[in-house]
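Me: I am new to this structure and would like to learn how to read a few of its features. Please take me through them one by one.

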Amino acid sequence: MDAWSPQDKTFTDKGFENLFATEENEILVFDNFDDGVVVLYSLQEYLDTWIPVMKNFSYWEIKLEDNLSISIEGNLAVSTFSWIGGGRTKDGQEVKARQYGTHTWKRLDGEWRLVHEHLTAG
């Protein structure tokens, strides 16, 4: 969660390589954003999409709500959750946000990596 919650620091690509599977076409992301759905297939696409968006913010912080659930079966795991937070754009506009999410994790080379993300604003 820290990678997505830089507070007053600049949002960067640091830390995401430790969360996501990093091979091309190894992840699938569905996030609703800006009245549409963003579909991404690699960590690089993920970063190329979200870093420019996050550059518009001087502050951004999110926190998990109390509904985290994790199920593990062999080398696959699923987590469901919601987060709440928001921030302030560089021009001073306050933004509030909440999303409901599902993450699918796969054990790759002995480490859990995110291979599927689905976020829906709510």
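**Reading a turn between strands**

Reply: Start with Asp35, which lies in the loop between β1 and β2. Strands here are DSSP runs (E, at least two residues), numbered from the N terminus. The model is predicted, so local features need pLDDT of at least 70, side-chain atom pairs count only at pLDDT 80 or more, and totals for chains, interfaces and linings use all residues. Residues are numbered from 1 along each chain as its sequence is written, and side-chain values use heavy atoms, with hydrogens and water left out.

Me: Is Asp35 buried or exposed?

Reply: Buried means under 20% relative accessible area, exposed over 50%, and partly exposed in between (1.4 Å probe, protein chains only). Asp35 has a relative accessible area of 85%, so it is exposed. Asp34, in the loop between β1 and β2 as well, is exposed at 66%.

Me: What should I look for in phi?

Reply: Most residues other than glycine have a negative phi. Asp34 is not a glycine, yet its phi is positive, at about 55°. Asp35 also has a positive phi, near 60°.

Me: How many bridges join β1 to β2?

Reply: Two strands pair if DSSP finds at least two bridges between them. Five bridges join β1 to β2 (residues 36-40), and the two run antiparallel. They form a hairpin with two residues between them. Phe33 has Gly36 in β2 as its bridge partner.

Me: Which strand pairs with β1 in the parallel sense?

Reply: Strand β7 (residues 111-121) does, over four bridges with β1 (residues 28-33). There, Val29 has Glu117 as its bridge partner.
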